[in-house]
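Biologist: I am new to this structure and would like to know what stands behind the words used for it. Please show it, and then I will ask.

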Amino acid sequence: MAKVPVQFTLNGSEKAEFIDSGTTLLNALRDKIGDTSPKGGCHQGTCGACSVIIDGELRLSCLTLAETCSGTAITTTSGLAEGGVLHPLQRAFLDTFATQCGFCTPGMIMAAKVLLDHTPNPTRGDVVEALSGNICRCTGYEPIIQAVLTAARSNSQNAA
Amino acid sequence: MALALQTFPTVKDANAALKTAGTRYLGGGTLVVRAANEGDVSVSGLVRSTDPTLLAITVADGKIRIGASVTMAAIARHPELGTLAKAARAVGGPAVRNMATVGGNLFAPAPYGDFAVALLALDATVGTDDGELPIETFLAGRDDSHAIVTSVAFTLPKADGFRFLKVSRIKPKGVSVLSIATVLEQAADGTVSSARIALGCMADRPIRARAAEKALKGKSLDQGGIAAALAASTEGTTPITDPIASAWYRAEVLPVHLGRLLLS
Ligand SMILES: Cc1cc2nc3c(=O)[nH]c(=O)nc-3n(C[C@H](O)[C@H](O)[C@H](O)COP(=O)(O)OP(=O)(O)OC[C@H]3O[C@@H](n4cnc5c(N)ncnc54)[C@H](O)[C@@H]3O)c2cc1C
Ligand code: FES
Ligand code: FES
């Protein structure tokens, strides 16, 4: 299998690797680069656990080929905490018990981050819509929705 | 599965590479990479083109041209495509919409292809390097189509002329029980002077509801006026059965939802 070069920014750091052509971004991140925060749930686009942010847009890393990401900026959940301080979304997920097994959490947080980046004061409906591509088998969703609304409130208080 | 990708700057070169057996074009990858992940061995290689025209949306004199690589999200946020935003937003959740392309939606088997249903009602043409085809001809022959779709083009209907409805069980993003798009023109007295009605999930690909279109002509858009069209709406359909709904159920509820859309 032909090796192809890929180079992108991952959570602010330059990454350059040779990968097998056709490798998904999910596999490249987890197996090659060692960022295991995106989870592989279904590999079919239905669960959202593998969600990452590419150039500001939410994408499914299981359906994205890594070599199509050259030159992009990729954000995963492992890039959110700064200097050991959790991102407001991570803090809110912990504080509102929005995580049980935690498998869906990184994907949920990525989807929520894109929402809050564009809509700092979302309605409940906005949150439901933003998370609609992400499946959680544990929480019943309500704590997750509350976590995102809580993070939004804490963000706007910080900004005030 | 090993799945080598070849990238070409021009559609012409990508078209040439696509001739190799087992090779498929890579749009957003939401169906083709999923198929490969599921072990579909009929896909052994992927080809894509980075030609910038594939990403262009042009609006001139009411005529719209959308490049095949334009995503549902890009359509939904385009200021001049507001009429189509609902149909673009009907496709999957946010991440899927950021990846799913117009070109790929034309090939998506039922229960997918919601945007293609809208394009069929809009009487779009489908462009390749070899020229343009009416969408109906394209959809009928899509299984044997080996050329890269480069764009779709259509005339934007008058405000209120276009209506779209996706029926799903899970809100806000479940797959379709069925989808319906209509383009209606009304005479000065309010009667329907022309009607195009396209249906999703009522066959393996989007189809026109020709009998219903005919029955609507010259009628008014009220309960009595649309009755004949509703009665004829399942004519010529062969709905799909999947975990979301049986063919029987889809045929039962089509007239109900078509009625709601026509009266909305
Ligand atoms: C979780 C999930 C939910 C979904 N929900 C919906 C939904 O609600 N409604 C809906 O309509 N669809 C849905 N889909 C299906 C799919 O996302 C869309 O139909 C999408 O528009 C397909 O486009 P794509 O670019 O991703 O296609 P790809 O996967 O890239 O390609 C699909 C097929 O089309 C061919 N192709 C793609 N582009 C071209 C081109 N330009 N020229 C020639 N051939 C081409 C490919 O070779 C392949 O055979 C869903 C998919 C997933 C994974
Ligand atoms: S692993 Fe990508 S959506 Fe489930
Ligand atoms: S916390 Fe277990 S899947 Fe969501």
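Modeller: A term comes before the rest: helices, of at least four residues, and strands, of at least two, are DSSP runs numbered from the N terminus. By that numbering, A:His43 is found in the loop between α1 (25-33) and β3 of chain A. Note also that this is a predicted model.

Biologist: What makes the phi of A:His43 worth a remark?

Modeller: The phi of A:His43 is positive, about 60°, although the residue is not a glycine.

Biologist: Why is A:His43 called partly exposed?

Modeller: Buried means under 20% relative accessible area and exposed means over 50%, with partly exposed in between. A:His43 has a relative accessible area of 31%, so it is partly exposed.

Biologist: Is B:Asp61 buried or exposed?

Modeller: B:Asp61 has a relative accessible area of 83%. The cut-off for exposed is over 50%, so B:Asp61 is called exposed. B:Asp61 is found in the loop between β4 (57-60) and β5 (63-67) of chain B. Its phi is near 50°, again a positive value in a residue other than glycine.

Biologist: Why are β2 and β4 of chain A called edge strands?

Modeller: The open sheet in chain A has 5 strands in the order β2-β1-β5-β3-β4, with mixed pairing. β2 (13-20) and β4 (57-60) each have a single partner strand, so one side of each is left without a neighbour in the sheet. From one strand to the next, the twist averages 40°.

Biologist: How do you know that β3 and β4 of chain A pair?

Modeller: Two strands pair if DSSP finds at least two bridges between them. Strand β3 (residues 51-54) and β4 of chain A have 4 bridges, in the antiparallel sense, so they count as paired. In one of these places, A:Ile53 has A:Leu58 in β4(A) as its bridge partner. Helix α3 (residues 105-118) of chain A packs on this sheet and touches β3, β4 and β5 (73-75) of chain A. The direction of α3(A) makes about 35° with that of β3(A).

Biologist: What makes A:Ser51 a buried residue?

Modeller: A:Ser51 lies in strand β3 of chain A. Its relative accessible area is 3%, and buried means under 20%, so A:Ser51 is buried. Leaving out residues up to four places away in sequence, A:Ser51 touches A:Leu58, A:Arg59, A:Leu60, A:Gly107, A:Met110 and A:Asn134.

Biologist: Why is helix α7 of chain B called mostly covered?

Modeller: Of the 8 residues of α7 (residues 114-121) of chain B, 8 are buried. Among them are B:Phe115, B:Val117, B:Leu119 and B:Leu120. α7(B) is followed by B:Asp123, whose phi is positive, near 55°.

Biologist: Which strands does α7 of chain B touch?

Modeller: The sheet concerned is an open one of 4 strands in chain B, in the order β9-β10-β11-β12, with antiparallel pairing. Its edge strands are β9 (162-168) and β12 (207-208), each pairing on one side only. α7(B) packs on this sheet and touches β9, β10 (176-186), β11 and β12 of chain B, at about 20° to the direction of β10(B). Helix α11 (residues 247-263) of chain B lies across β9, β10 and β11, running at about 35° to β10(B).

Biologist: Where are the cis peptide bonds you list at B:Pro111 and B:Pro172?

Modeller: The bond from B:Ala110 to B:Pro111 is cis, with omega near 15°, and B:Pro111 lies in the loop between α6 (102-107) and α7 of chain B. The bond from B:Lys171 to B:Pro172 is cis too, with omega near 5°. B:Pro172 is found in the loop between β9 and β10 of chain B.

Biologist: What lines the second largest pocket?

Modeller: The second largest pocket has a volume of about 700 Å³. It is lined by 30 residues, and A:Arg59, A:Thr68, B:Gly27, B:Arg48 and B:Leu55 lie nearest its centre. β4 of chain A, with β3 (45-49) and α5 (94-99) of chain B, each supply at least two residues of the lining. By class, the lining has 10 nonpolar, 13 polar and 7 charged residues.

Technical notes. Residues are numbered from 1 along each chain as its sequence is written. Chains are lettered from A and ligands numbered from 1 in the order in which they are written. This is a predicted model: local features need pLDDT of at least 70, side-chain atom pairs count only at pLDDT 80 or more; totals for chains, interfaces and linings use all residues. Side-chain values use heavy atoms; hydrogens and water are left out. Axes are lines fitted to C-alpha atoms, for helices over the stretch in contact, and angles run from 0 to 180 degrees between N-to-C directions. Contact means heavy atoms within 4.5 Å. On a 1 Å grid over the protein atoms alone, a cavity is a set of points where a 1.4 Å probe fits but cannot get out, and a pocket is an open set with protein on both sides within 12 Å along at least five of seven lines; lining residues have an atom within 4 Å of a point. Grid points are joined across faces, edges and corners, and a volume is the space filled by probe spheres set on the points. Ala, Val, Leu, Ile, Met, Phe, Trp, Tyr, Cys and Pro count as nonpolar, Asp, Glu, Lys and Arg as charged, and the others, Gly among them, as polar. Buried means under 20% relative accessible area, exposed over 50%, partly exposed in between (1.4 Å probe, protein chains only).
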